[in-house]
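The following exercises concern a protein model with two chains. Please work through each task before reading its solution.

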There are 2 protein chains.
Amino acid sequence: MAARIIDGKAIAAQVRAEIAERVAASGITPGFVDLLIGDDPASEQYVGMKNKAAEAAGMAWFDRRLPADVDEATILLTIRDMNQDPLIHGILVQLPLPKECPADPFEVVAAIDPAKDVDGLNPMSQGLLAVGRPNFVPATPLGVVELLERSQIPVEGRHVVVIGRSLLLGRPLSILLSLKAPGLNATVTLCHTGTKDIGEHTRRADIIVAAAGSAGSVTADMVKPGAVVIDCGTNKLPGGRTVGDVDFDAVSEIAGAITPVPGGVGPMTVAMLMVNVARAAGV
Amino acid sequence: MAARIIDGKAIAAQVRAEIAERVAASGITPGFVDLLIGDDPASEQYVGMKNKAAEAAGMAWFDRRLPADVDEATILLTIRDMNQDPLIHGILVQLPLPKECPADPFEVVAAIDPAKDVDGLNPMSQGLLAVGRPNFVPATPLGVVELLERSQIPVEGRHVVVIGRSLLLGRPLSILLSLKAPGLNATVTLCHTGTKDIGEHTRRADIIVAAAGSAGSVTADMVKPGAVVIDCGTNKLPGGRTVGDVDFDAVSEIAGAITPVPGGVGPMTVAMLMVNVARAAGV
């Protein structure tokens with residue numbers, strides 16, 4: 001039996017429409033900056049996508065750029081400036097930094113005022129999550145939880161296996177899902193490059209979240225029949241096609257529900273960033 | 001076959017002796033305060049135990065007490081005062097706060113300068129751990145890792161099931177064990193009160209860490225033959241006897257190695273606190 005396809009594009013559109021409505025009703029104009037360092041075309045494209053989404057939601061975005069070889073001190077000063085700016089409610093730095101940039105991305109992200117850290121990468125944001133008082137959670141893990149919730153897939157009491165422990169996704173998602181809170185409260189196993197046999201864990205999972213960044217690494221034999229499979233991967237194949245971490249064709253024959261790539265988790269990331277910016281502005 | 005008994009008392013004594021040696025050699029006198037609010041006899045006893053250990057390690061401790069019904073603002077002022085004091089390298093607040101105290105323990109702990117947060121409960125400390133740059137990790141999880149390491153029990157690539165998600169123990173331990181770092185890098189499943197069948201997870205574990213605070217909750221049928229069982233529980237039975245979370249007699253027949261209660265994890269907590277205070281003083 002073919003799995004139910006979770007339509008991330010439709011759910012993201014719904015989330016974005018709701019945010020636009022709330023912003024319009026609030027009389028507030030949330031403002032944000034996605035600081036672009038250098039001119040990598042892919043990074044430019046991501047920044048443009050977020051700015052367009054902000055515009056559509058009735059938010060203001062500010063164009064801030066620094067040259068690729070800018071030193072750390074200048075970046076920190078720029079961020080401190082934005083921390084003080086009352087028109088800017090949310091600040092993120094487009095990552096990865098270009099190769100020419102000598103700055104430590106950890107220090108850069110740590111310089112953002114936790115009250116404006118809409119990317120949730122600041123150690124204070126991650127700590128508030130770990131102590132069960134989340135303020136800003138990175139957009140992709142938030143998107144995964146929102147996708148499940150809006151697809152009426154319960155998480156509480158279920159066994160979730162998260163593959164990948166990145167700061168942006170796997171780590172905060174594993175913490176978020178296991179918080180003692182309604183709609184969360186899952187039992188989570190966090191697998192990663194140090195895990196001997198990932199399939200041994202995923203075969204027992206009610207929900208699998210693939211976030212390893214490795215095309216085709218979740219195969220049908222790793223999935224329990226009826227399990228929910230959330231694919232966070234976006235891997236460019238040599239031919240140019242984008243695929244996830246999951247062998248979609250085979251796994252969708254076994255899973256109960258599955259997200260496609262593209263059109264699954266991807267669109268949720270921008271939508272949940274808008275949720276975070278609205279939150280930062282008190283909307 | 002009976003399990004190897006891991007002697008936490010001996011290992012803790014070794015750690016404490018090493019710290020005393022390092023302190024003596026450094027010419028620095030690490031100083032710390034365990035702020036006592038109210039006069040609960042058990043809390044007094046814990047504070048006294050830590051102060052005694054500090055003294056034995058060549059450290060200075062300072063007696064700071066506040067009445068049980070002290071308001072939050074006064075506690076925060078007291079902490080800010082200690083944050084500024086160059087003789088005090090480490091600050092902790094004896095928890096739980098007494099019932100009469102109206103302060104929010106989260107705000108109290110968050111007021112401690114992260115550079116002096118030797119209990120590791122500050123959200124910044126927990127966040128630095130979550131982003132893989134731990135500074136101060138709570139003493140009990142540190143003690144569990146130290147016990148395993150000094151008992152030559154490898155953690156890397158093994159499946160660890162942690163039972164309990166407290167801020168002081170289960171949550172930071174689950175993060176610590178799964179960091180990408182030599183000697184850690186385990187695959188961790190975090191079980192808790194929301195887990196449907198804890199035994200289903202523990203039966204597959206190479207290492208079980210019981211930190212639920214529930215006497216006898218880990219039974220022999222939940223343990224894979226040869227597994228390592230670390231018991232963090234300290235439960236007072238009605239008769240006055242202290243037992244762990246593990247049914248020691250039965251489980252020690254099946255496990256490969258096991259910590260007793262008392263004399264296992266308990267002594268490590270004070271030892272690792274001393275490690276943290278020394279670290280705070282730059283020793």
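**Exercise 1.** Which domains does the domain assignment give for chain A?

*Solution.* The model is predicted: local features need pLDDT of at least 70, side-chain atom pairs count only at pLDDT 80 or more, and totals for chains, interfaces and linings use all residues. Residues are numbered from 1 along each chain as its sequence is written, while chains are lettered from A and ligands numbered from 1 in the order in which they are written. Chain A has domain 1 (29-113) and domain 2 (138-266), with bounds from an automatic or database domain assignment. Over C-alpha atoms, the centres of domain 1 and domain 2 of chain A are separated by 29 Å.

**Exercise 2.** State how many residues each chain gives to the contact, and describe the side of chain B.

*Solution.* Count residues as in contact if their C-beta atoms, placed from the backbone, lie within 7 Å. On the side of chain B that touches chain A, two or more residues come from each of α5 (123-130), α7 (170-177) and β7 (187-191) of chain B. Of the elements, α5(B) gives the most, with seven residues.

**Exercise 3.** Determine how chain B is related to chain A.

*Solution.* Superpose the copies by least squares on the C-alpha atoms of residues with pLDDT of at least 70 in both. B:Gly127 comes closest to the rotation axis among the residues of chain B, at 1.7 Å (C-alpha).

Key. Two residues are in contact if their C-beta atoms, placed from the backbone, lie within 7 Å. Helices (H or I, at least four residues) and strands (E, at least two) are DSSP runs, numbered from the N terminus.
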